[in-house]
Protein chains: 2
Amino acid sequence: MFSSSVRPLALDQVPAFDHEVDVIVVGFGCAGASAALEADAAGASVALLEKYSGGGGSSALSGGEMYLGGGTAIQQACGFDDTPEDMQKFLSAALGPDTDQDKVSLYCRDSVEHFDWLVAQGVPFKPSLWDSPTWVPPTDDGLMWMGERAHPFAGIAKPAPRGHRVTADGFGGKVLMEVLGARVAESGVDVHTDTGVTQLILDGDRVVGVVARRFNDTVYYRARGGVVLTTGGFGDNAEMVAQHAPQLVGLGINSDGGDDGRGIALAQAAGAAVRHMSAGQVGISLIPGMAVRGMVVDANGRRFINEDVYPGLIGQAALFKHGLHVWVILDEQAYEEVPEAERWGVQPHFVAETLAELEQEIGMPDGALQSTVGEYNRHAEQGDDPYFHKEARWVRPLTSPFAAIDVRRGIAPPEYGDSKPGGAEVFTTGGLRTNVDGAVLDLDDEPIPGLYAAGRATSGLHSWGYISGTSLGDGTFFGRRAGIAAAG
Amino acid sequence: MFSSSVRPLALDQVPAFDHEVDVIVVGFGCAGASAALEADAAGASVALLEKYSGGGGSSALSGGEMYLGGGTAIQQACGFDDTPEDMQKFLSAALGPDTDQDKVSLYCRDSVEHFDWLVAQGVPFKPSLWDSPTWVPPTDDGLMWMGERAHPFAGIAKPAPRGHRVTADGFGGKVLMEVLGARVAESGVDVHTDTGVTQLILDGDRVVGVVARRFNDTVYYRARGGVVLTTGGFGDNAEMVAQHAPQLVGLGINSDGGDDGRGIALAQAAGAAVRHMSAGQVGISLIPGMAVRGMVVDANGRRFINEDVYPGLIGQAALFKHGLHVWVILDEQAYEEVPEAERWGVQPHFVAETLAELEQEIGMPDGALQSTVGEYNRHAEQGDDPYFHKEARWVRPLTSPFAAIDVRRGIAPPEYGDSKPGGAEVFTTGGLRTNVDGAVLDLDDEPIPGLYAAGRATSGLHSWGYISGTSLGDGTFFGRRAGIAAAG
């Protein structure tokens, strides 16, 4: 599964240390940058090790959304009231079942402070709202709904938009990492690129350093304070995915190619516990603006979710419940209403005057779409959706001609060039079990001395669900805390 | 999570050994009994430790089905041809995705030999077929279909019934464990009851014994050959379930109350890897004979599976896809066709002359059942089920009066006395990663010297799916192999 043993090296086996610092951070994505910056700010000497030739990691390839709220300056400027309590209720429901309430509570309580810290680093957010479900706004709007107004969430917590999108032309992750990278460059943090960590070093039960490979050399690092693992998830390790998250097998991986799970395994081999290793985000290959104006159906033509939820929840339902054999059904009006910049080139794969013809073209059972759309339209005449409770603003009868989009044929967001993720791109959200200060916990629920983690190497805020912005959000938030704890 | 640390004890910390044997088996369920018998037969001295006051474990409470095939004497006597290849194709599909092909292949290849071994121990099987989906036949029939004839499995492997049910009046698990218990009693195996293992003992990387509690005493056991963990799953450990299998939280647990996961954690703390910890069997609270003659629908009145599959697969779909908010819909004829002994006292919760009334009584959207049953009946007139491909023998139009059974209100199998598992009873199927000889593997895929495991403490044959008889089946099969390996 790994090219070399993940077992820790005993301190007395270290020939000599090449570097000695207070804090070692492993991985230069958003969590690692945040940990390094805060450890540096706390007065620690910091080495930030990155296996690739430059920083950024999977964070730099992301859409750049941070799930923040409780009354940020951007929310206020857009005219939305919000409270940490409502944010916590929403996240607990959306990331559940059975989320880590200590983490979710703290994350929501300190969300405004965290937003202000990001702004202080220079991360740009624009105070304007994009008011339709989407993966990434086709504009530079800085605030997005993440399904807070959708059933059942609107009945659980007072809705407020909490998707804070880093201002960018397209995906904002690169902007976020440019800014954090610039702050790291200005700081006292010592960045070592092309430096892949292969082992932890243990002195008894305490993590006191790491072994790394840099080209053909083995390099030994001693950490006086602690080691912070921010090595990402394990989506790129096919065997680990098969062992823990079999439902994700075979799908495209949303990463920089380096989410090999080694950081997780290194910690496990030092006694760490993991959580929710089967969980994953499912970036389904559909245009949310089309789905919400039409419907998403399975291979039998049946809807299975209100299409105004955060589209990753559509993706989880589509993959885990229907094996991604799903279609977007819409009419001409719905298609035309989606701005061209938001369509990412997606066009209908099937078009027909009648639902009976459309069923036949797709290969669905006779009656499948006729019964589903018939029922939908009958209730939509009254503006109702008693089956799935989609918000009334998105509900109207669909009319001929009808069109269908086969989700498994993929889409090509502009940022992806010619690649067309077939059906979905996923990443893993399970990982190391940490406490609110980023300490990695062992099987007895006790911190492993000297070992910290943040970002997608941990299970973070998540149980089974996912909302966009909770990876950059929890990575930076708990990355900061881990850096402070390791420095302290 | 555990009442005391799960960390291993170093050999030099052992004050003195109270017992020294070749092989220690931990847990006296079907896997432990099989491991102990084979280790004894191989000439090893064996101590079989059981934390309760007597053997049996969760195995003794089970239905007593063993999934066996490839041409057993029972299959032949009932007139069915079968091959290991077809058995392997079925199990790979039903237990997948991405099953351990080494294990499934070996299990199928040697299934006839294993059946013969069980018979040689005295386990009774009757050569007669129960020919309808069920949890446990209301007769003493010894052979059952486990959905081999159902879509999509019938198209993947030539169907043969492979559910071998230990002959019993009711649940057969107690008979199985009486027989295996009698063989253990006649053997040289030394059974220590009231002896709960709390720690493994390590000499460097090698497992060389266990620490146990017996009432107020701490007892130290040395194993010259190996320790075999057959300690069951972790369903009774609510915190472990929440961490690994959040979708199972809050459901009834199908166990003897002792599936606390400690055995799994002891091995993990000694470096063991785990697999598929989120997976579980879902014993849904419905009568399969009723479901197959009617239909199972979700809260929107929509079917979601062909009702002739193994009912545990209905359970997994109902729980993981629909949160167990499901109903059995049937008509008078369907209800009457189910023999009273098979009904376990279940009666309709709602009865109505029309589907519109039934919808209203249940609280489903207007049109929900009318559209679903309308579509079902329209195709059933032709004997077809184009939506889910239920076998034609179970397909006919449903007619007034209609009835609905609320699955969450539970059922009370005679063996359960007055208890009524609400919605479903579950157990975990993830666990330690082992090779085909029962050796527990570490995070480097290497065997941990001296440590073996079998039964539900391991992930066994399973990935995500489940078929009845693959727990007693893989527990006894790989239990035997682990016993032999530990003795050798």
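Select A:Arg378 and B:Asp366 to begin, and you will find their side chains meeting across the two chains in a salt bridge of 3.0 Å, N to O; the term stands for a side-chain nitrogen of Lys or Arg within 4 Å of a carboxyl oxygen of Asp or Glu. Before going further, note that this is a predicted model, in which local features need pLDDT of at least 70 and side-chain atom pairs count only at pLDDT 80 or more, while totals for chains, interfaces and linings use all residues. Residues are numbered from 1 along each chain as its sequence is written, chains are lettered from A and ligands numbered from 1 in the order in which they are written, and side-chain values use heavy atoms, with hydrogens and water left out.

**The interface**

Now show both chains together and look at the contact between them, to which chain A gives 46 residues and chain B gives 46 residues, contact meaning heavy atoms within 4.5 Å. Across this interface 8 salt bridges are found. The area buried between chain A and chain B is about 3900 Å², with carbon and sulfur atoms giving 49% of that area; buried area here is the accessible area (1.4 Å probe) that two parts lose on being put together, summed over both. Next select A:Gln243, A:Tyr387 and A:Leu443, the residues of chain A that lose the most area to chain B, together 16% of what that side buries.

**The axis**

How is chain A laid on chain B? A turn of 180 degrees with a shift of 0.0 Å along the axis does it, giving an RMSD of 0.0 Å, which is the relation of a two-fold axis. The copies are superposed by least squares on the C-alpha atoms of residues with pLDDT of at least 70 in both. The same surface serves both copies, since 100% of the contact residues of chain A recur in chain B. To find the axis in the viewer, select A:Lys321, whose C-alpha, at 2.7 Å, comes closest to the rotation axis among the residues of chain A.

**Salt bridges within a chain**

Over all chains, the whole structure holds 56 salt bridges. Turn to chain B and select B:Lys51 and B:Asp260, whose side chains meet in a salt bridge of 3.3 Å, N to O. This pair links distant parts of the chain, 209 residues apart: B:Lys51 is in the loop between strand S3 (46-49) and strand S4 (65-67), and B:Asp260 is in the loop between strand S12 (252-253) and helix H8 (262-269). Helices (H or I, at least four residues) and strands (E, at least two) are DSSP runs, numbered from the N terminus. B:Lys51 is partly exposed, with a relative accessible area of 35%, and B:Asp260 is partly exposed as well, at 27%; buried means under 20% relative accessible area, exposed over 50%, and partly exposed in between (1.4 Å probe, protein chains only).

Move on to B:Asp110 and B:Arg109, which form a salt bridge of 2.9 Å, N to O. Here B:Asp110 counts as buried at 17% relative accessibility, whereas B:Arg109 is exposed, with a relative accessible area of 56%. Then select B:Asp298 and B:Arg302, whose salt bridge is 2.3 Å, N to O, and both of these residues are buried. Back in chain A, a selection of A:Arg303, A:Glu307, A:Asp385 and A:Lys390 shows one network, joined by salt bridges that share partners.

**Aromatic rings**

The structure holds 23 aromatic pairs over all chains; rings of Phe, Tyr and Trp (its six-membered ring) pair if their centres lie within 6.5 Å, and planes under 30 degrees apart count as stacked, over 60 as edge-to-face and the rest as tilted. Select A:Phe115 and A:Phe125, a tilted pair at 5.2 Å centre to centre with 40 degrees between the planes. A:Phe115 is in helix H5 (residues 111-121) of chain A, and A:Phe125 is in the loop between H5 and strand S5 (129-130), 10 residues apart. A:Phe115 is buried at 3% relative accessibility, and A:Phe125 is buried at 12%.

In chain B, B:Phe427 and B:Tyr466 form an edge-to-face pair, 5.4 Å centre to centre and 90 degrees between the planes. B:Phe427 counts as buried at 15% relative accessibility, as does B:Tyr466 at 3%. Finish with A:Tyr67, A:Phe90 and A:Phe153, which ring pairs link into a cluster.
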